[in-house]
Structure formats: C-alpha cells, structure tokens
Amino acid sequence: MTSESAIGSLLIDRPQDGIFEVARRAFTDPEIFALEQKYIFEALWTFVGLETQIPRANDFLTTHIGSQPVLLTRKSDGSVGCFLNTCRHRGTIVCPFKHGRQKFHVCRYHGWAYDSDGRNTAVTEEADGQYPESFRDKNRDLIPVARLESYRGLIFASLSPSVPPLEEYLGQAAHFIDLIVDQSPVGQVEFVPGASSYTFDANWKLQFENGLDYYHFNSTHSSYVDILKNRAVSSNADLPREDSAERVGQGSFSFPHGHAVNWSIKQVSAYGRPLSNDQENLNRLTEQFGRDRVKWMLRQRNLTIFPSLQLIDISSSQLRTWRPLAPDKTEMTSHCIAPVGESAESRRMRIRGYEDFFNPSGLATSDDNVMYEYCQTGYVAEAGNTLGYLRGLGSDPVHDGPHANEVGITPDEYAFGAPTFGGETNFHAGYREWHRLLLNAGQKI
Ligand code: FES
Ligand SMILES: [Fe+2]
C-alpha cells in the first residue's frame with residue numbers, strides 16, 4: 001500500500017529555490033494509478049458531452065467517468081440525466097452503443113428495460129419469477145451520478161456529491177470557454193460529426209502536459225513547421241495581420257483547481273482563423289463584446305480543465321478528453337468543436353484545419369503520441385527526477401498584467417515571454433492539485 005511519505009515525495013515543490021520536480025514513478029506506479037482513478041478522476045468533475053449532442057428527448061450517448069461507464073440521456077421532460085451504465089439485475093452494460101436515440105434501453109442479457117429517465121419499466125417474466133415479497137419495493141432504476149451540471153452547453157458529471165458547484169470549480173478558466181461559445185451567433189457549440197478515439201501506450205499525464213506545452217512545437221512537429229513555412233512563402237503576404245500592434249510572445253494563466261491556459265500572440269495572417277472569414281460575425285462580436293474580447297477570440301488558446309479536458313482554439317478548434325486505462329495506457333477522444341451558426345466558409349476552414357493538424361491522420365497527433373510513448377519508455381530508467389518544469393521559474397510570479405486585464409481575470413499565476421518562451425510553470429497548478437488530492441487520499445487509506 002502506498003504510504004503517505006511515498007505520496008509526499010511524488011512532488012517537490014520549491015519554486016523559490018528553483019525546484020519543481022515530479023517523480024518518474026508518478027507515471028509508472030500501478031498503486032498511484034489506482035489512487036488517481038478513485039480520488040481524482042472519479043472524485044472531480046468530468047466532461048461527459050455537449051447539450052447539442054443530445055438535443056431531443058430520448059437522445060443518448062455513453063461515456064466514462066474514470067473507470068465507470070455512464071449513460072447520458074435527454075429525459076422526457078427535456079432535462080439531462082446521467083446514470084451508471086450498468087443493469088440493476090446482474091450488472092451488464094445497459095447501453096452498448098456510443099450514441100443514438102431510443103425511448104427504452106433493454107438489457108441484452110435477460111431483457112430488463114429502462115426508459116430515458118433511468119426508470120426500470122420492465123422485468124422480464126416478473127410474474128413467473130417467484131420473487132420474494134420485498135422485490136416489489138426494491139429500487140431497480142438506473143443509478144444516477146451524484147452531480148450533473150452544464151456550463152455554456154458543456155455537460156459535466158461527478159460521482160462525488162461533495163464537488164464544488166461546476167461554475168466555482170471552473171472559476172476564471174470559464175472565461176476561455178466563453179471565448180469559444182460566444183463566437184456563435186446563438187451562443188451554442190456543437191461537434192462536427194465524426195469523433196476519433198485511439199489509445200497510446202503512455203500515462204495520461206503526458207497528454208495533460210502536452211496540451212500546456214508550447215516548448216515542444218518546433219522540435220516535435222518539425223515536419224509540420226516545414227510545411228507551414230512552405231505555405232507562408234506561397235500565400236499572399238499582403239493579407240492583414242492579427243495583433244500587428246502587439247508585442248509578439250507566448251504566455252499562460254493558471255487558475256485554482258489545476259486549470260491553466262496557454263496562449264500566443266503572433267503576427268500571422270488574420271485569415272488563418274475560421275472566425276476571420278466571417279466579417280458579419282466579426283462585426284457583430286466587436287459590437288457585442290468589444291475589441292479586446294474579439295482580439296482574444298482570434299488568439300491561439302489552449303485551455304486545460306483539470307484533470308481530463310482540453311479545448312484548443314487555433315487554426316481549427318478541438319475538444320479532447322482522455323481516460324486512463326492503465327499506468328501506461330490512455331484512451332483519447334477527439335472532436336472538432338465549432339460555434340453553431342458560423343458561416344459555411346468558416347466551417348469549411350475549421351474542418352480542413354482540423355484534418356490538417358488534429359485528426360489522428362493529421363500532421364500533429366501522431367507526432368505527439370510517439371513522444372508520449374518515448375517518455376513512458378524513458379521513465380523506466382532510474383535517472384532521478386526530470387528537469388522538465390523549470391522554464392519560467394527565473395521570473396518572479398505575477399498575478400495580473402496587461403493581458404490578464406484585457407480578459408478581465410486575476411489568475412493565480414501569469415507568465416509571458418518571447419514567442420519561443422515555452423513556459424513550464426503553467427504545469428504547476430495541475431500538479432499541485434494532483435498532489436493535494438493524492439495526499440488527501442493517503443490520509444483516507
Ligand atoms: S443483467 Fe440485465 S437483465 Fe440480467
Ligand atoms: Fe503537439
């Protein structure tokens with residue numbers, strides 16, 4: 001059993017001494033993995049779907065919270081329900097499908113039926129079953145998750161009744177969800193049809209880190225960088241630039257509960273962004289939200305909601321979630337997320353950009369997955385803690401600044417540097433939260 005001191009030494013957090021270290025066994029130890037599943041993934045809020053995925057009564061989708069299968073349904077009264085996807089009879093998965101629409105979910109094993117409100121509506125051959133008297137009064141409905149809330153159409157669920165309210169949990173990180181949803185004339189987001197799921201043979205924290213990691217871009221994605229350079233030569237240099245009056249650079253904000261966002265200010269063509277190709281929408285947004293917010297809608301932003309959601313808004317837009325399967329195996333699910341009601345030209349560009357970079361067949365995903373597996377292989381070496389979390393530690397921490405003021409936030413930490421800064425202090429909030437939760441778990445076991 002993992003002792004408290006073994007958990008304590010997983011993170012050495014002394015930024016004032018220039019030290020921030022995560023132990024390699026955090027990525028390989030099966031006992032740590034089991035604690036993470038129970039005390040992080042099954043104890044926090046998990047993104048389970050978009051409201052627009054289940055718009056009509058009886059629409060459903062299935063997913064997981066940590067290791068536990070759940071069924072998300074649009075109930076008969078129009079509200080959303082989320083239930084453990086396991087039959088009350090003998091435990092079979094009640095719904096084996098990814099998504100669909102049906103009023104009743106009939107268990108394949110012995111035929112018990114449940115409606116989209118989760119109610120058990122039929123027990124096969126009940127009258128002939130010689131059930132004990134007490135069976136009639138037993139609750140046989142699907143078991144609802146402890147908590148279910150939405151923010152701007154993103155549905156989150158938790159197996160723990162004691163999580164804080166979702167808006168409190170998201171805190172100011174929610175501003176970066178708003179920057180995507182507000183691009184829609186109707187204030188809604190949807191998935192472009194066609195999710196992709198795949199596994200990589202490495203720990204989930206490699207994906208958590210990568211979404212916050214601008215440092216890797218030029219080396220890991222060198223072939224993509226070459227392609228971009230070639231495209232730049234062949235594109236029209238007279239196109240307007242975004243942020244042309246701003247100091248270029250790369251920065252991040254960190255928030256309570258382990259969330260963080262990376263962003264960059266580049267003087268690249270404004271026409272590289274789907275939103276820029278919809279002048280009518282841009283005019284509306286500027287009028288409604290002001291120039292600063294529109295400027296931030298057009299900037300590259302990579303948002304990580306701890307522990308398992310990333311929202312990326314660059315030349316396309318991606319929502320990805322991950323599900324840890326083993327210390328060295330993780331399932332990824334990736335969607336192209338898009339504002340409802342954007343112009344056809346913006347949507348076309350968004351889809352082409354997604355195929356280009358994010359799709360598993362695109363130019364980035366496979367690069368990253370190979371690096372995760374290289375890391376996982378390297379972590380087995382008994383070479384001490386890595387030096388991977390120090391970029392940015394040479395600056396005094398600040399909590400506000402012109403960029404934070406523009407977004408109207410006061411993050412726990414704010415970092416900004418050269419375009420090649422590749423700050424790593426934005427990993428710290430997530431690792432501190434991870435360690436705090438594991439230490440709490442250590443006191444319970
Ligand atoms: S396990 Fe579902 S009906 Fe028997
Ligand atoms: Fe990458």
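Arg320 is buried (under 20% relative accessible area, with exposed meaning over 50% and partly exposed in between, using a 1.4 Å probe and protein chains only), yet Arg320 has no salt bridge. A salt bridge here is a side-chain nitrogen of Lys or Arg within 4 Å of a carboxyl oxygen of Asp or Glu. The nearest side chain of opposite charge, Asp368, is 5.4 Å away from Arg320; Lys and Arg count as positive and Asp and Glu as negative, while His and the chain ends are not counted.

Before going on, please note that this is a predicted model, in which local features need pLDDT of at least 70, side-chain atom pairs count only at pLDDT 80 or more, and totals for chains, interfaces and linings use all residues. Residues are numbered from 1 along each chain as its sequence is written, and side-chain values use heavy atoms, with hydrogens and water left out.

What does the side chain of Arg320 make a polar contact with? The partner is the side chain of Gln318, at 3.0 Å; a polar contact is a pair of N or O atoms within 3.5 Å, where within protein one must be able to donate a hydrogen and the other to accept it, and residues adjacent in sequence count only if both atoms are side-chain atoms. Arg320 is found in strand E19, residues 317-326. Helices (H or I, at least four residues) and strands (E, at least two) are DSSP runs, numbered from the N terminus. Leaving aside residues up to four places away in sequence, Arg320 touches several others, including Gln207, Asn210, Met332 and Ser334, where contact means heavy atoms within 4.5 Å.

Now back to charged pairs. Side chains of opposite charge can pair when their charged atoms come close. How many salt bridges does the count come to? The count is 28. In one of these, the side chains of Asp313 and Arg273 meet at 3.5 Å, N to O. Asp313 lies in strand E18 (residues 309-313) and Arg273 in the loop between strand E16 (260-265) and helix H8 (279-289), so this pair ties together parts that are 40 residues apart in sequence. Both Asp313 and Arg273 are buried.

Lys295 forms a salt bridge with Glu406, with the closest N and O atoms 2.9 Å apart. Because Lys295 lies in helix H9 (residues 291-298) and Glu406 in helix H12 (residues 402-407), the pair ties together parts that are 111 residues apart in sequence. Lys295 is buried, with a relative accessible area of 17%. Salt bridges that share partners join Glu246, Asp292, Lys295, Arg299 and Glu406 into one network.

Finally, the nonpolar side. A nonpolar core is a set of buried Ala, Val, Leu, Ile, Met, Phe, Trp, Tyr and Cys residues joined through side-chain atoms within 4.5 Å. The largest one has 76 residues, and Phe176, Phe253, Tyr431 and Trp434 have the most contacts inside it. Helix H4 (residues 174-181) gives the most to this core, with six residues. Phe176 touches, among others, Phe253, Trp296 and Ile409.

Technical notes: Chains are lettered from A and ligands numbered from 1 in the order in which they are written.
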